[in-house]
Amino acid sequence: MARVTKKSKAQINKQIWDKVNSSHRQQWQTTSQKGYDFYLNEQLTKEEVTLLEESGMPTFTINRITPIIEIMKYFTTANDPKWKAVGTTGDDTDIAQVHADIADYCWYLSNGKSLYSQVILDSLTKGLGYFLVDIDKDADRGLGEVCFKRLDPYDVYVDPASRDFLFRDATFLQIRKNISRSRLINMLPQFEAKIKKVSKGSDVVSYSQRDADFTDTIQPEDLTYGVNMDAEDDDIIPYYETYSKKKFKYHNVYIKIEPSPAQLVLLSEAQEQATVIKQQVMSNADFNLLQNSKVTQKNIIDSVEFYENRIVKTVSVGDDTFLYESIIPISEYPIVPIPYMYTGTPYPMSAVTPLIGKQQEINKAHQIMLHNANLSSNLRWMYEEGSVPEDEWEKYSSAPGALLKYRSGFSPPTPIQPAPINNAFFTVVQQGKSDAEYISGVPSAMMGFSQDQAETYRGLLANDEFGTRRLKAWMNSIVEPSLEHLGRVFKMMAQEHYTIEKVFRIVQPLAGKDEEKEVRININMYNDYGKAIGKYKDYASARFDVRIIAGATLPLNRWALLEEYFRWYQSGLIDDIAMLAETDIRNKDKIIERKSMLSQMQGQLESIQGLIKEKDGTIETLQRQLVQAGIKMKVGDASNEIRKDVLETEAQQKLLRGMLKVEFQKMRDQMKNDMESTKEDVAKIEQS
């Protein structure tokens with residue numbers, strides 16, 4: 001087998017592009033470009049404009065496609081995608097929770113919201129949008145960061161035999177760009193000498209049907225030159241990146257960990273340490289080194305051989321200049337597509353393609369109606385040659401109040417009236433607008449253009465539910481699976497890159513204000529002797545799966561939702577704090593805090609009032625019991641004395657009656673004193 005040289009790798013890159021850039025690819029790009037042109041209001045070809053101008057007809061268009069695409073983009077990208085990680089084991093749960101924060105951090109660094117909007121717009125207008133997960137090695141002062149990027153769909157070339165809508169079964173994915181020499185040197189300064197020797201690339205092929213000399217838009221294919229820092233024309237050269245999957249042999253090895261000399265001092269610890277088995281995955285080369293060493297060979301308990309995909313990236317410029325080749329330690333392509341209407345091939349259709357016919361129908365109907373109106377306002381005349389001064393008639397025939405003359409002996413000029421416009425044209429226009437909305441699944445009500453009366457919140461919720469079902473079907477079957485795959489690719493890339501201790505600081509809007517959240521991973525742990533013995537929150541070795549939170553990117557009807565919350569609050573299902581949390585009131589966190597303190601104070605006041613009422617009841621009961629007991633006691637004593645004294649003499653009875661008066665007076669004084677003492681006790685209780 002002939003040895004593959006570096007030069008031949010560059011030639012292979014070029015040959016792959018020549019093969020993939022076939023008639024099918026060119027046909028797809030032509031159709032896709034036409035849809036993108038219609039979105040940019042480039043809806044007439046050069047030939048159509050020429051024919052219309054020669055016929056005296058208007059060349060304007062009534063663009064119904066752009067607002068439809070914009071509202072579709074809004075409903076799809078209203079919010080950022082959210083990923084959640086599920087740990088494989090209990091030990092991986094903490095790391096799984098941290099992963100969502102790391103994804104948010106890298107999404108923010110990459111300006112992910114803008115990228116997501118551009119990728120979805122590519123999918124809607126060109127049929128296909130692409131994310132690229134890459135590593136910016138110069139970020140964070142050379143430590144690097146994982147970042148998200150967007151690829152132009154026309155720069156990506158896919159294996160034509162791929163039948164997976166995520167292109168996971170593709171033999172290769174290739175990026176082919178036309179880049180100026182100066183920019184390429186700035187991108188890859190280590191290869192400056194090679195890049196300077198690359199010959200200029202071929203001219204850019206145009207796939208658009210518009211007239212580039214009279215267009216209202218400037219597109220990338222129109223720019224065929226660059227300018228360097230010396231104010232000179234800069235060459236445009238082709239740049240190739242080819243990603244391919246290749247199987248590599250790995251070993252799942254079970255290794256016995258021998259005790260250290262310090263641990264041998266304690267026999268029990270040494271005996272326990274001698275039984276520890278460590279599982280480790282290593283490449284075939286590392287396993288061979290381990291197996292060939294007499295020191296470590298005896299510690300291998302068992303090994304399982306398996307193969308796993310790795311991504312090989314080959315980079316070249318021009319037709320024969322090889323730059324470098326590297327292995328990306330992930331098992332899936334870092335290029336993640338989001339197609340719109342998947343056709344079972346790498347050439348999906350855009351959302352604009354089914355609308356092109358209706359857009360042309362609307363344009364043509366409007367042009368005919370306006371042309372007929374122009375003919376009615378500017379009459380044409382039939383005359384005998386020589387009967388009128390032609391220059392004068394051409395200049396003043398349509399002027400109000402003009403006096404026009406014709407030569408005697410000739411028949412007077414006859415006006416030619418245009419044929420009455422058929423009412424069918426008005427029907428065609430209205431039906432065409434309705435058909436465009438029906439085809440796209442975006443009714444006018446979703447744009448806020450409704451001639452009906454304002455609807456209640458239930459009607460608004462119904463419009464959002466029924467009007468977005470077509471979009472939700474695409475979201476459920478294509479967009480969210482693609483975003484979930486993007487999350488898994490990011491996880492693989494992040495786990496391979498973030499292997500050292502790192503702190504992520506994330507600013508999150510919470511309760512109406514921005515709060516900073518700090519996340520740390522790969523925290524080194526040391527023993528008493530200062531030796532590293534492991535890592536806490538070991539991100540690289542954790543095992544977890546990534547899921548996309550369904551519907552996270554879709555918008556919410558805030559007014560309808562607030563109305564629903566208000567009804568729940570009125571019915572008592574939620575309290576005012578829960579209701580306030582869903583509003584957009586400024587400083588609502590302070591309001592919630594004040595309401596929370598007020599509710600606490602109200603609870604304390606109600607508790608105190610209950611205790612006071614309970615004490616008042618107790619006091620009243622004690623007062624009644626004291627009075628009744630005193631009366632009974634005194635009356636009983638008096639009765640006993642009376643019975644005893646009845647048997648004595650009359651003198652004694654007189655004496656007894658006098659004494660009884662004294663006793664009764666004492667008793668009244670005692671009862672009075674008891675009442676005053678009771679009142680003092682009640683006052684003390686009330687003060688406490």
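Q: Where does Lys-126 lie relative to Tyr-154?
A: A charge sits over a ring if NZ of Lys or CZ of Arg is within 6 Å of the ring centre and within 35 degrees of the ring normal. Here Lys-126 lies over the face of Tyr-154, 4.6 Å from the ring centre. Likewise, the charged end of Arg-176 sits over the ring of Trp-17, at 4.2 Å from its centre.

Q: What kind of model is this, and how are residues numbered?
A: It is a predicted model: local features need pLDDT of at least 70, side-chain atom pairs count only at pLDDT 80 or more, and totals for chains, interfaces and linings use all residues. Residues are numbered from 1 along each chain as its sequence is written, and side-chain values use heavy atoms, leaving out hydrogens and water.

Q: How many residues of helix H6 are buried?
A: Helices are DSSP runs (H or I, at least four residues), strands too (E, at least two), numbered from the N terminus. Buried means under 20% relative accessible area, exposed over 50%, partly exposed in between (1.4 Å probe, protein chains only). In H6, twelve of 15 residues are buried. Among them are Leu-115, Tyr-116, Val-119 and Lys-126. Just after H6, Gly-127 has a positive phi of about 95°.

Q: Which residues have the most contacts inside the largest nonpolar core?
A: In soluble globular proteins, nonpolar side chains tend to be buried together. A nonpolar core is a set of buried Ala, Val, Leu, Ile, Met, Phe, Trp, Tyr and Cys residues joined through side-chain atoms within 4.5 Å. The largest has 82 residues, and Met-72 and Phe-131 have the most contacts inside it. Helix H16 (residues 469–497) gives the most, twelve residues. A second, separate core of twelve residues includes Leu-188 and Tyr-239.

Q: How many aromatic pairs are there?
A: Rings of Phe, Tyr and Trp (its six-membered ring) pair if their centres lie within 6.5 Å; planes under 30 degrees apart count as stacked, over 60 as edge-to-face and the rest as tilted. By this rule there are 17 aromatic pairs. Phe-165 and Tyr-342 have ring centres 6.2 Å apart and planes at 65°, so they are edge-to-face. Phe-165 lies in the loop between strands E4 and E5, and Tyr-342 in the loop between strand E12 and helix H12, so the pair ties together parts 177 residues apart in sequence. Phe-165 is buried, at 17% relative accessible area. Tyr-342 is partly exposed, at 26%.

Q: Which residues do ring pairs link into a cluster?
A: Trp-83, Trp-107, Tyr-116, Phe-131, Phe-148 and Phe-490.
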